[in-house]
Amino acid sequence: MDYETLLIEREAQIATITINRPKSMNALNSQTLRELTQAVRECADSRAIILTGSGERAFVAGADISEMAPMGPWQAREFSELGHVLTALIEDVPCAAIAAVNGYALVGGLELAVACDLIFASENAKLGLPEVSLGVTPGFGGTQRLVRLVGKLRAKEMIFTGDMVDAKHAAEIGLVNGVVPREQLLAHCKSVALKIASRGPLAVGRAKRLVERGYDLPLRAANRQEAETFALLFDTDDRREGMRAFIEKRPARFTGK
């Protein structure tokens, strides 16, 4: 479909989705959330998805306050649900999702990033959940996913104060995987995506599901799921090809079957 707020590029089994609202620093309004949800669904057959923002200043500087300001509780709940549907979808798609944070990632922008599997930030990036400065809490899953990444104490400090952290500090506390010069960020993310794309897609998808769904399970229950998944993958063409390629000392040619 045609998108008014996004740019989509698909190349070598990698899909790059760029949020393209530079005049509002790529702020998320209802239309953008719906288009992002549709775009992620359409790109779910890729082997990796990269999410980034247009321009040089922002990944996503937040939710669109001009749309939010006149909302009542019911409209706010509907808006929040749009964000939750999108972030849950990013976690559920059977391919890796990589956030290329090329500037400000605030409010819904950080919530979008932390729903991804990997986060790389440019040196100029600033990340935060400043919703309390607007008199509200995070609404797209930020209170839950940030805790799981950086721990309760650091998450509470960021959420309660609304303070931003720079890219270096974000890396130190485990909020991002790495920090890259801005002009190299997208190329770096694409190189990581290509490496993931060269691996067994069924294995990557199942590993993602194990991590996401096993995180909140008791250890023994999660390990049972891992053992079952490990065994099931032995009945796939990809497993046979991967082990045959290893024995024959050549790159594997995975088909996702």
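**Entry 1, burial of a phenylalanine pair.** I looked up phenylalanine 79 and phenylalanine 140 in this predicted model and found both to be buried. I then checked their rings: the two form an aromatic pair, with 5.6 Å from centre to centre and 55° between the planes. I noted the pair as tilted. Phenylalanine 79 belongs to helix 3 (residues 73-92), while phenylalanine 140 sits in the loop between strand 8 (126-128) and helix 5, so the pair ties together parts 61 residues apart in sequence.

**Entry 2, the other ring pair.** I counted two aromatic pairs in the structure. For phenylalanine 230 and phenylalanine 234 I noted ring centres 5.1 Å apart and planes at 65°; the pair is edge-to-face because angles over 60 degrees count as such. Phenylalanine 230 has a relative accessible area of 56% and is exposed.

I took helix 5 as residues 142-150 and helix 6 as residues 152-161. Their axes come within 7 Å and cross at roughly 135°, which makes helix 5 oblique to helix 6. I recorded the crossing of these two helices as right-handed.

I then listed the residues that meet. From helix 5 they are Gly142, Thr143, Leu146, Val147 and Val150; from helix 6 they are Lys152, Arg154, Ala155, Met158 and Ile159. Sorted by class, the contact of helix 5 with helix 6 has six nonpolar, two polar and two charged residues.

Definitions and conventions. Residues numbered from 1 in each chain as written. Predicted model: local features only at pLDDT ≥ 70, side-chain atom pairs only at ≥ 80, totals over all residues. Heavy atoms only, no water. Axes fitted to C-alpha atoms, helices over the stretch in contact; angles between N-to-C directions. Helix = DSSP H or I, 4+ residues; strand = E, 2+ residues; numbered from the N terminus. Parallel < 35°, antiparallel > 145°, perpendicular 65-115°, else oblique. Left-handed = near helix turned anticlockwise from the far one by under 90°. Contact = heavy atoms within 4.5 Å. Nonpolar A, V, L, I, M, F, W, Y, C, P; charged D, E, K, R; others polar. Phe/Tyr/Trp six-rings, centres within 6.5 Å; stacked < 30°, edge-to-face > 60°. Buried < 20%, exposed > 50% of the residue type's maximum accessible area, 1.4 Å probe, protein only.
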